[in-house]
Amino acid sequence: MEPRLNSKNLQRAAKDHLWMHFTEMAAYREADVPVITRGEGEYVYDDRGERYLDGLSGLFVSQVGHGRAEIADAIAEQARELAYFPIWTYAHPKAIELADRIAGLAPGDLDRVFFTTSGSEAVESAWKLARQYFKAVGQPTRHKVISRRIAYHGTTMGALSITGLQDIKSPFEPLVPSTIQVPNTNHYRAPVHGDDPEAFGRWAADQIEEAILQNGPETVAAVYVEPVQNSGGCFPPPPGYLRRVRRICDRYGVLMVSDEVICAFGRLGEYFGATKYGYVPDMITFAKGATSGYVPLGGVIAREGLMAPFQEDGAAFLHGITFAGHPVAAAAALANLDLFESEGLLDNVRENGPVFRQTLERLLDLPIVGDVRGDGFFYGIELVRDKETKESFSAEESKTLLKGFISSSLFESGLICRADDRGEPVIQLAPPLTCGPAHFEEIERILRKVLTEAWDLL
Ligand SMILES: Cc1ncc(COP(=O)(O)O)c(C=O)c1O
């Protein structure tokens, strides 16, 4: 069947009717909206037939790459068998099978899976679960959440309240009260212990303890941390940091939530970031890579103990989402996990992660590249005006350089990645887990060209 809109009136319709997310729509008053029409492996193609290396896996999503018939077939088969049924009161085989499989992959006794349809809903659901749990166990004053500055945890009102990015919170204030922000683990710009990662990690974890004490431990429900914080440009945890956060949470009876919407499902070479860094949180939130984006699905994995009050007679977690645990999404997730196993994707990330790092670190010879940081297949490159002093760009420079020149030049040069200015300006990279050295070379070559041109423009 011919598409209803050809390339030209697709543009018109996009400008007239499509409201793009987090997008300055005025930027497309004159310029064309980039329209991606199909994907194959590590590459996507636009409506002009141009090919791009998907260096961001769409949006940290496409772990197994694009156009995988195995997942498409599983989706079609499930849609024919049972396209939809809720997991309210009833269950269906694919949601059961997926919950069982995820529980088997999750660390420790994280054995209960509560499905959602997105990362924001997962973050929000974990907070609601913590609140109802504490009320049920006789600690009704525990409702606050501690999270880290510049961290992104989603856009629904609760998840946005936990998010540490003031610019995207202000338009919606007043938000849900009782969220508290503490320092993140940006070691490149560490305010103390810049020359000692372990001491810096102890300091950063102790900031959480201080916030718990200041607010009154009896009022704090949970601490949210990403294993590697994305927003701000990939802040890996300093050695020992996350285990120390775990001990602090235990000391004060606070739940630790590992927000793994990006870090789970192979991004760091393990199914979960918590496994990689050796801690057992009370809850893990996930989404994105769980289905490699073939259909939306997210969720919360909770420790068995959190379920206990909800197993009493007459008790229930009073929360639900119509499409959560959708049969087609669950079938896609199971087929996705089959590909992880049959293609050894975790091993690929473990083996090639160091190669990815070394290839990107070659860019450190450019005057504009201040820092290359990350883990697995998840990296941020911080751009600076002065390498010696680590001086950053002014807000204006950042806008013209990142949003203006670098983003569009990278795209025109055939690389999809993200130029982000939510902290200091960074380029974010998270390619599909199927990538290898040849893809890294291509990424480095395009970045080198565009960043050299950007420096010359300054
Ligand atoms: C760490 C983290 N948490 C939550 C979210 C929100 O997920 P979603 O966009 O699926 O609602 C994101 C999205 O990027 C994320 O990176």
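The model is predicted: local features need pLDDT of at least 70, side-chain atom pairs count only at pLDDT 80 or more, and totals for chains, interfaces and linings use all residues. Residues are numbered from 1 along each chain as its sequence is written, and side-chain values use heavy atoms, with hydrogens and water left out.

Start with the domains. Domain 1 takes in 34-64 + 344-457, and domain 2 covers 70-342. These bounds come from an automatic or database domain assignment. The C-alpha centres of the two domains lie 26 Å apart.

Now the interface. Here 35 residues of domain 1 contact 37 residues of domain 2 (heavy atoms within 4.5 Å). The two domains bury about 2900 Å² between them, counted as accessible area (1.4 Å probe) lost on being put together and summed over both. Carbon and sulfur atoms carry 56% of that area. Polar contacts link 24 residue pairs between the domains, both residues at pLDDT 80 or more. Such a contact is a pair of N or O atoms within 3.5 Å; within protein, one must be able to donate a hydrogen and the other to accept it, and residues adjacent in sequence count only if both atoms are side-chain atoms. Three salt bridges also cross the interface (a side-chain nitrogen of Lys or Arg within 4 Å of a carboxyl oxygen of Asp or Glu). Separately, Arg-350 and Glu-270 form a side-chain salt bridge at 3.5 Å, N to O.

Turn to the ligand. Residues around the ligand (a heavy atom within 4 Å) include Tyr-152, His-153, Glu-226 and Asp-259. Ligand oxygen atoms lie 2.8 Å from a polar backbone atom of Gly-119, 2.6 Å from a polar side-chain atom of Ser-120 and 3.0 Å from one of Lys-288. The protein buries 83% of the 390 Å² that the ligand exposes alone (Shrake-Rupley method, 1.4 Å probe).
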